[in-house]
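Me: I have a structure open and I want to learn how to read it. Can you take me through it step by step?

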Amino acid sequence: MDSKQRSGDKAAQEMLECMFEAGIENAWDRLQEQEPQCGFGKLGICCRNCSMGPCRIDPFEEGPQRGICGATADTIAARNLVRMIAAGAAAHSDHGRDIAHTFKIAAGADNGDYMIKDEAKLKEVAARYGIETKDRDIKQIAGELSEVILSEFGKQAGTLTSAASYAPAARQKVWNQMGITPRSIDREIVEIMHRTHIGVGSDYKNLVKQGLRACLSDGWGGSLIATELSDILFGSPVPIRFGANLGVLEPGQVNIVVHGHEPSLSDIIVGVSQKPELLKTAKEKGAEGINIAGICCTANEILMRHGIPVAGNFLQQELAIMTGAVDVMLVDVQCIMPALGSLCNCFHTKLITTSPKCKIEGAEHIEFSEERAVQVAGEIIKVAVENFTRRKGAVNIPKARESGIAGFTTENTFYALGGRFRGSYRPLNDAVISGRLRGAAGVIGCNNPKQVHDSCHIAMIKELIKNDVLVVSTGCGALAAGKAGLMRPDAAAKYCGDGLAEICETVGIPPVLHVGSCVDNSRILTILANMVSEGGLGEDISDLPVAGAAPEWMSEKAVSIGMYFVASGVYTVIAEPLPIQGAKNLTKYLTSEIERDVGGKWAFERDPIKAAGMMIEHIERKRDALGINKKAERKLYDMEDRRALTF
Amino acid sequence: MDKIITVDIAKCLACKSCEIACALAHSQSGVLEEATNEEPKPQKRVTVEPAAEFGVPIQCRHCESAPCIRICPTGAIQRLDEQSPVLVDAELCIGCKLCMLICPFGLLQIGTEGRAVIKCDMCIERMHTGRGPACVEACPTKALRLVTIEEITKAKRKEASEKLINSK
């Protein structure tokens with residue numbers, strides 16, 4: 001076992017060696033056990049949707065070319081793909097729905113566990129939903145907004161309000177022409193399940209169409225709602241320093257690792273953990289304090305709002321337990337490996353599940369409810385404190401620990417670029433037009449043991465910033481960048497091209513901006529919408545010199561995210577191909593012809609440097625089309641020029 | 001043996017249908033839904049091994065000069081006649097594992113029942129009823145084939161001679 005072949009992260013390598021020596025299995029070992037993996041599954045040409053099957057199409061065209069019902073490879077792969085989108089959109093949107101429920105509780109409570117923290121954003125969002133905000137009580141506005149938003153999920157007629165109020169007009173026109181404007185959220189997901197049932201549609205393009213519609217209801221709907229309401233409830237992030245990697249675990253403290261996605265419980269845990277009586281109990285048990293650290297997107301949510309350190313990303317969840325220093329791993333939903341249950345049996349670590357949607361064999365279940373948030377948080381912390389005394393032997397915490405700045409949002413980042421005096425997207429757009437910035441890229445997504453952990457994120461990001469492409473990042477990709485030191489402001493001088501370095505140094509931002517969790521990819525959409533409305537870079541998102549990538553993706557959520565970027569006009573490159581390549585026409589459509597329909601398209605490339613090259617090439621093509629690809633002369637402004645400026 | 005199982009590696013998608021079909025063919029019931037509950041668990045005699053980005057289904061080559069037959073101290077491994085596949089008589093096998101050590105392909109294993117050695121038997125019982133080996137029948141891309149040596153060598157001769165002509 002060569003740990004360097006498994007992870008590019010030093011702390012992870014150290015723990016992988018420990019696991020190997022101890023003979024404890026992890027995701028990398030289980031991948032090896034699964035190999036070789038089934039080609040029909042990889043190519044997307046196995047259909048299990050009815051009991052006449054399962055049917056498989058022979059990609060070498062010697063065996064059967066149709067399933068029992070007559071479905072071709074294109075039909076089968078398209079059905080499977082849009083079902084992945086349905087699952088991904090459902091996960092994000094259900095997260096959004098939970099936050100909306102919490103928001104409703106906060107709106108109705110006078111002194112509850114949840115309160116409205118960002119009133120300015122509340123008014124901004126309410127206005128987007130056409131709610132009167134002038135001279136109205138905050139709670140009244142919040143109450144009305146919560147009703148309106150909750151009804152968006154199951155709306156039966158009209159258009160999803162956020163898709164119509166946040167997206168650029170030109171983009172909406174494209175959607176309307178294609179008939180993919182989302183009507184609501186749940187309906188689009190349900191319609192995918194209907195359309196992929198035996199004997200409904202077989203036209204692969206028409207199946208993809210519903211996939212596009214559903215993913216838009218995720219990006220511009222469910223995910224966006226999760227982001228906006230989380231900001232209102234828990235406070236809009238502001239740039240904040242954070243520590244990253246397994247080294248943030250404290251040997252002498254009670255360590256609670258929060259893992260999963262929703263901020264509702266973790267945000268409360270952060271506050272409750274520092275209550276004097278709990279700290280006192282912890283001290284009585286011999287601990288120096290109570291340390292909260294995060295994994296996956298729960299980590300992103302609380303690190304960007306409270307500067308809570310992050311223990312690692314998706315592939316480090318097992319490694320964190322291997323340290324023997326985690327007293328409780330607290331999980332809610334999504335990306336939690338069932339393997340944690342049996343792994344915790346080897347250690348004193350208690351795995352606690354909290355969501356009725358997610359129970360895991362081997363875990364203790366302490367059900368969370370928004371109505372009793374502080375109480376449940378207290379109970380869980382007490383379990384952790386008690387468990388601290390049951391630690392077996394010495395802990396084994398790797399030293400590796402980085403620091404970085406997170407907490408950038410659609411609202412604060414690019415205003416920060418212009419400073420207080422002229423806070424707007426103008427400086428960003430001007431930097432792109434002048435060529436100091438070539439463009440921007442979103443490098444997002446998961447970890448996948450098929451790639452060397454973190455290394456594809458890091459290699460791709462370095463290549464992009466070297467070429468003056470500003471990178472925004474979310475999810476486990478953002479955590480990879482943070483752990484590699486790419487979110488420190490001094491990374492600019494070290495890794496960036498001259499143009500990007502100059503901008504980062506002037507404004508004091510890192511070259512890779514942490515914009516949040518995976519539902520916060522909606523922030524990237526709204527950033528793109530703001531770049532369009534600022535002017536000078538075309539009329540639509542598809543005109544912008546930008547690209548997206550998920551170099552280590554694995555989840556169905558990533559498929560939905562990728563598809564909503566494509567449907568929003570963004571060129572999107574992923575490493576592992578979508579499981580569609582056994583269907584030639586469908587593959588050709590999604591990687592080429594779809595660009596004519598929606599302005600964006602997919603590309604598959606496992607080599608992160610090559611993939612970055614493809615993104616830069618695309619950015620250059622967009623710059624050419626905009627006619628901004630001439631290096632502008634630096635000009636000294638005289639008084640007349642200054643008067644002509646319209647700031 | 002006239003007929004052998006060949007693999008077209010480029011066509012193998014590693015779906016492991018051959019593995020399931022093999023275990024099923026050597027189960028008591030021969031019915032998938034029942035076989036999963038049988039004790040001892042049905043065992044496969046073919047495995048799809050990972051090699052670079054390919055999957056390679058591999059099973060006993062039924063060597064003409066089989067080292068396992070020569071080394072077996074009890075005569076448990078034998079051929080019934082010239083056309084017979086290499087077979088193990090579980091009654092005679094003492095589980096000494098010498099055959100496992102000497103097989104150049106690592107294609108023998110200890111069975112869960114009685115700890116006797118098991119290996120591919122070319123589905124000899126199925127062959128008697130005129131059906132081919134289960135793995136070949138189950139392969140959805142026809143990567144596995146049961147062919148005669150003559151068929152293979154003839155095809156190769158044809159290819160080689162065409163190459164000669166075309167290389168002028």
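Reply: Start with one term. A polar contact is a pair of N or O atoms within 3.5 Å; within protein, one atom must be able to donate a hydrogen and the other to accept it. Keep in mind that this is a predicted model.

Me: How many residue pairs are in polar contact between chain A and chain B?
Reply: The count is 4 residue pairs, both at pLDDT 80 or more. Salt bridges between chain A and chain B number 0.

Me: How do I judge the size of an interface?
Reply: The accessible area lost when the parts come together is often used. Here, chain A and chain B bury about 1,100 Å² between them. Carbon and sulfur atoms give 62% of that area.

Me: Which residues of chain A lose the most area to chain B?
Reply: They are A:P36, A:F60 and A:E62. Together they make up 49% of what the chain A side buries. As for contacts, 14 residues of chain A meet 17 residues of chain B.

Me: Which helix gives the most to the side of chain A that touches chain B?
Reply: Helix α3 of chain A, residues 39-43, does, with 3 residues.

Me: Now inside one chain. Into which domains is chain A divided?
Reply: Look for domain 1 (3-56), domain 2 (73-234), domain 3 (246-388) and domain 4 (407-626). Take domain 2 and domain 4 of chain A as a pair. Their C-alpha centres are 23 Å apart. Each of the two gives 38 residues to the contact.

Me: How much area do domain 2 and domain 4 of chain A bury between them?
Reply: About 3,100 Å², with 70% of it on carbon and sulfur atoms. On the domain 2 side, A:M84, A:H92 and A:R171 supply 19% of the area buried against domain 4, more than any other three residues.

Me: What about charged pairs there?
Reply: The rule finds 3 salt bridges across the interface of domain 2 and domain 4 of chain A. A:R523 also forms a salt bridge with A:D231, where the closest N and O atoms are 2.8 Å apart. Polar contacts between domain 2 and domain 4 of chain A join 15 residue pairs, both residues at pLDDT 80 or more.

Me: Which element gives the largest share of the domain 2 side that touches domain 4 in chain A?
Reply: Helix α10 of chain A, with 15 residues.

Me: Next, chain B. What domains does the assignment give?
Reply: Domain 1 of chain B covers 1-59 + 133-168, and domain 2 covers 61-119. The C-alpha centres of these two domains lie 20 Å apart. Contact involves 11 residues of domain 1 and 16 residues of domain 2 in chain B.

Me: How do I read the buried area there?
Reply: Take the total, then the atoms. Domain 1 and domain 2 of chain B bury about 1,200 Å², and carbon and sulfur atoms give 46% of it. B:M1, B:Q43 and B:R45 supply 54% of the domain 1 side, more than any other three residues. This interface has 0 salt bridges. It has 5 residue pairs in polar contact, both at pLDDT 80 or more.

Me: Last, a sheet. In what order do the strands of the open sheet in chain A run?
Reply: The 6 strands follow the order β13-β12-β11-β14-β15-β16, with parallel pairing. The edge strands are β13 (512-514) and β16 (602-604), and each pairs on one side only. The twist averages 25 degrees from one strand to the next.

Me: Which residue is the bridge partner of A:G548?
Reply: It is A:T572, in β15 of chain A. Strands β14 and β15 of chain A are joined by 4 bridges and run parallel.

Methods. Residues are numbered from 1 along each chain as its sequence is written. Chains are lettered from A and ligands numbered from 1 in the order in which they are written. This is a predicted model: local features need pLDDT of at least 70, side-chain atom pairs count only at pLDDT 80 or more; totals for chains, interfaces and linings use all residues. Side-chain values use heavy atoms; hydrogens and water are left out. Two strands pair if DSSP finds at least two bridges between them. Helices (H or I, at least four residues) and strands (E, at least two) are DSSP runs, numbered from the N terminus. Axes are lines fitted to C-alpha atoms, for helices over the stretch in contact, and angles run from 0 to 180 degrees between N-to-C directions. Domain bounds come from an automatic or database domain assignment. Contact means heavy atoms within 4.5 Å. Buried area is the accessible area (1.4 Å probe) that two parts lose on being put together, summed over both. A salt bridge is a side-chain nitrogen of Lys or Arg within 4 Å of a carboxyl oxygen of Asp or Glu. A polar contact is a pair of N or O atoms within 3.5 Å; within protein, one must be able to donate a hydrogen and the other to accept it, and residues adjacent in sequence count only if both atoms are side-chain atoms.
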